[in-house]
Amino acid sequence: KSQKLEAMARRSNILAGAVLLAGLAALNSVSFVNPQPVERSSRMAMKGAAVEWTPELSREVVEVMFTVPAVGARSRMLIRADADVMDVIKQGRKKLGFDQDWMADSDFKLYNAEDEDAGPLKGKMSENGLIDFSYEIHMYYEPQ
């Protein structure tokens, strides 16, 4: 009886080893993995990279980044392209919590973040270099 048990144990060990080797071989085989990249994805990436964007204003409503650099406050805002600079100041002050009654709107100035040396913005936003994307304005407190 013990010889039969030993023979059965040897057979089950051999069978388990064979199943384990077959499983490892299957996991390492190329049949489960595509060795070459899909061509379509590389073509799509190239197609997107070839598009060039020209900065222009073609929308009536534009998203801008409104920043107060002195305190690090910033927020995205939707503004109309034909909005007056003073209206944008009022909207930005309210959005960022700088709308205290004792500070006049005229004490705040807006600047194009990319060209602050050009001076404060005046008139309509569309007349101050506003573009469809990536336009940031800085607000500074400059009491008179």
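Modeller: Happy to! Let's start with a term we will need: a residue counts as buried under 20% relative accessible area, as exposed over 50%, and as partly exposed in between. Also keep in mind that this is a predicted model.

Colleague: Got it. How about an example: is K90 buried, exposed or partly exposed?

Modeller: K90 has a relative accessible area of 45%, so it is partly exposed. You will find K90 in helix α3.

Colleague: What is the C-alpha distance between K90 and D105?

Modeller: Their C-alpha atoms are separated by 6.7 Å, while the two residues are 15 residues apart along the chain.

Colleague: Let's zoom out. How many helices and strands are there?

Modeller: The protein has 3 helices and 4 strands. Starting at the N terminus, the order of elements is α-α-β-β-α-β-β.

Colleague: And how do the strands sit together? In what order?

Modeller: The 4 strands make an open sheet, ordered β2-β1-β4-β3, with mixed pairing. At the edges are β2 (73-80) and β3 (108-112), each of which pairs on one side only. On average, neighbouring strands in this sheet are turned by 30° against each other, if you ignore direction.

Colleague: Which helix packs on the sheet?

Modeller: That is helix α3, residues 85-96, which touches β1, β2, β3 and β4. The direction of α3 makes about 140° with that of β2.

Colleague: You said "mixed" pairing. Which way do β1 and β4 run, parallel or antiparallel?

Modeller: Strands β1 (residues 61-68) and β4 (residues 135-141) run parallel, joined by 4 bridges. To see it by eye, look for T67 opposite H138 in β4, and for M65, whose bridge partner in β4 is E136.

Colleague: And how do β3 and β4 run, parallel or antiparallel?

Modeller: Those two run antiparallel, with 5 bridges between them. Here K109 has Y140 of β4 as its bridge partner, and N112 stands opposite I137 in β4.

Colleague: β3 is an edge strand. How many of its residues are buried?

Modeller: 5 of the 5 residues of β3 are buried, so this strand is largely enclosed by the rest of the structure. Both of its faces are covered: F108, L110 and N112 are buried on one side, and K109 and Y111 are buried on the other.

Colleague: What about the whole protein? How much of it is buried?

Modeller: Buried residues account for 24% of the 144 residues. The accessible surface is about 10,800 Å², and 56% of that belongs to carbon and sulfur atoms.

Colleague: Where is the largest nonpolar core, and what is in it?

Modeller: The largest nonpolar core has 22 residues, and V88, L110, M125 and I137 have the most contacts inside it. At least two of the core residues come from each of β1, β2, α3, β3 and β4. The element that gives the most is β1, with 4 residues.

Colleague: Pick one for me. Which residues does M125 touch?

Modeller: If we set aside neighbours within four places in sequence, M125 is in contact with I79, R80, A81, A83, V85, V88, L130, Y135 and I137. Two of these, V88 and I137, are also among the residues with the most contacts inside the core.

Colleague: Changing topic: where is D132?

Modeller: D132 is in the loop between β3 and β4. Its relative accessible area is 7%, so D132 is buried.

Colleague: What does the side chain of D132 join up with?

Modeller: There is a polar contact of 2.5 Å between the side chains of D132 and S58. A polar atom of the D132 side chain also lies 3.4 Å from the backbone nitrogen of R59. Leaving out residues up to four places away in sequence, D132 touches E56, L57, S58, R59, V62 and E63.

Colleague: One more from that loop: is S134 buried or exposed?

Modeller: S134 also lies in the loop between β3 and β4. With a relative accessible area of 65%, S134 is exposed. There is something to notice in its backbone too: S134 has a positive phi of about 60°, although it is not a glycine.

Colleague: Why point that out?

Modeller: Because most residues other than glycine have a negative phi.

Terms used. Residues are numbered from 1 along each chain as its sequence is written. This is a predicted model: local features need pLDDT of at least 70, side-chain atom pairs count only at pLDDT 80 or more; totals for chains, interfaces and linings use all residues. Side-chain values use heavy atoms; hydrogens and water are left out. Two strands pair if DSSP finds at least two bridges between them. Axes are lines fitted to C-alpha atoms, for helices over the stretch in contact, and angles run from 0 to 180 degrees between N-to-C directions. Contact means heavy atoms within 4.5 Å. Buried means under 20% relative accessible area, exposed over 50%, partly exposed in between (1.4 Å probe, protein chains only). Accessible areas come from the Shrake-Rupley method with a 1.4 Å probe; for residues, only the protein chains shown count as cover. A nonpolar core is a set of buried Ala, Val, Leu, Ile, Met, Phe, Trp, Tyr and Cys residues joined through side-chain atoms within 4.5 Å. A polar contact is a pair of N or O atoms within 3.5 Å; within protein, one must be able to donate a hydrogen and the other to accept it, and residues adjacent in sequence count only if both atoms are side-chain atoms.
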